[in-house]
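Welcome to this short tour! Please open your viewer and get ready to select a few residues and helices.

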Amino acid sequence: MNPILTFLVVLIGFYGLSTSDNVIKSVFSVTIIESGVILLFLNLGNFEGGAIPILSEGVTQIVDPLPQALMITTIVIGSTVTALSLMLCIKVFHHYGTVEWKEVLSREDVKS
Amino acid sequence: MVNYITDLSLIDYTAYALQFLLIFIAVAIVVHKNNGTIIILIASFSLVTASLYVINNAPDVAIAEVAIGSAIIPLIYVISISRQREFIVLDKAMDDFIISDNQFTGIGYILLKRFSDFYHLELNITNDPLLCRLGEGKDQILCEQTNVDLIVSKDPASGEYILKGKASNILMNKLEQMTKDYDNIRVIKFKDRDFGE
Amino acid sequence: MSRQIVLILLLGALFAVFTMSIIELEGLYNAFGKEYFLEYGQSDTGSNNLVTAILLDYRLFDSLFEAGILLIAVSGVIWISKHDIEEKNARFMIDKFKTPDLFITFSRLVYPLMLAFGFYVIVNGHLSPGGGFQGGTIVATAILILYYIDADKETNIGLIVTVEKIVYLLIIVLASVSIVTRGTFFTNFFPLDATQDTKAIYLVLLNVLIGFKVALGLWTIFTAFLKEGR
């Protein structure tokens, strides 16, 4: 596992977040960033020759269970936040007739 | 350098391959223009990340990712992507403006079809009896609170067809420009209301 | 175009900084916590799976508020997608999305298996990979299959959310029982010197409640989405 390659995924997510025209693509860019961060955290506790953090006979070396417990929290919360933002996307389309950032932001009732 | 490569075991090769695959899929999602094909990429993205979690000795996280990313997240993406390409019309006129002889051949249908094809939308026409039986005064609430984008009704006095939608919707302005040549079609746009009105 | 070039340059600078600091990243990390969990985790909490031990005992406070955020997000989704008019969206005249018969038959075959697997993952959360959050999502996915079988299935969202709130209160009550028996909040309510099997009763109870709550929350979310998309 290489943390540099994982960090590239985070940067791709940032790029998508900054340049995407579509609201849905922005929402998915947040998911990409989240996956990259989870991989970085898991990579921190992992090491060569470590066993999974489930105790049984003869286990002496385990990987760190604390980042894994935190990342389960991240995944569940991330999915609900994605659902909330996508529901907002649907409502934005119904209200404005478009989900392109430029068209939505160029409207006069949005500027203020 | 050669020593470095020979030291890698099979699991490391797999991890590197999966990481490059992950980067490739992420770039494809960010760059791709067509929203329909993104759905497959989204599902495969979560599958590849789940495999990487297993390689990182984290089976609990992998189970959570697979369980969420296999069905529920793609489903909500599918629904929101397909919803943003739809144009839903409620037909309250009940005559041959849209449907004649149980076929979509009315003049109104041809007009709306041309409009929605021009903006790459999918036209969905409904005459749900539950929504149609509500009175004229409720049309604005109907537009705001259900998924109906446009209401077609008929003025009994003058015989004009009235197309009603929300003023905030960009598509309504475009529809108004398209139909200004027709004498028997009128477009009404509802202004936004604040909360509590 | 120039903005994109500036953006790429900025991200490249970020990447360079990260690459240079990758060696110091390992200096930040120490293994004391891991060694503590390895030595005392099983006897403290009664759980073989140390991730479950952290989620349900050492850091139960985190998990409680995670479940709370799930509840808040579900309430948000329902509030945004609320319809005052008879809670209904328009249905279409032509049913384009007719499910194939083969798919319906296989769904009926797979549904009980998925439900059983979900319960297995929930109940065995302290022995094998899994637990309340993971098993809850598997159960929710199994419930989703019911909608493929019968697309017009009616669901009472208000009742589901009410049950979910009650289950959340039950989780908080079960987590707080330890103030009576042990004198501290949010830990196992059996005494510290109880056997591992006795402590597992608490873990299984809490896992079942959390799994139930997560399944209900995700069920509400995709019901709200299916109502929008129908």
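Select Leu17(A) to begin: this residue is partly exposed, because its relative accessible area is 35% (buried means under 20%, exposed over 50%, partly exposed in between, with a 1.4 Å probe and protein chains only). Leu17(A) sits in helix 1 of chain A; helices are DSSP runs of H or I with at least four residues, numbered from the N terminus. This is a predicted model, where local features need pLDDT of at least 70 and side-chain atom pairs pLDDT 80 or more, while totals for chains, interfaces and linings use all residues. Residues count from 1 along each chain as written, chains are lettered from A and ligands numbered from 1 in written order, and side-chain values use heavy atoms without hydrogens or water.

Which residues does Leu17(A) touch, not counting those up to four places away in sequence? Show Ser26(A), Ser29(A), Val30(A) and Ile33(A); contact means heavy atoms within 4.5 Å.

Next, select residues 10–31 of chain B, which form helix 2. Among its buried residues are Leu18(B), Leu22(B), Ile25(B) and Ile29(B). What do the buried residues of this helix pack against? Color helix 1 (3–19) and helix 2 (23–45) of chain A, plus helix 3 (35–55) of chain B, and you have their partners.

Finally, go to helix 8 of chain C, residues 157–176. Its buried residues include Ile160(C), Glu164(C) and Tyr168(C). At the N-terminal end, Asn156(C) caps the helix, with a side-chain oxygen 3.4 Å from the backbone nitrogen of Gly158(C).

Terms used
Helices (H or I, at least four residues) and strands (E, at least two) are DSSP runs, numbered from the N terminus. The expected span of a helix is 1.5 Å times one less than its number of residues. A polar contact is a pair of N or O atoms within 3.5 Å; within protein, one must be able to donate a hydrogen and the other to accept it, and residues adjacent in sequence count only if both atoms are side-chain atoms.
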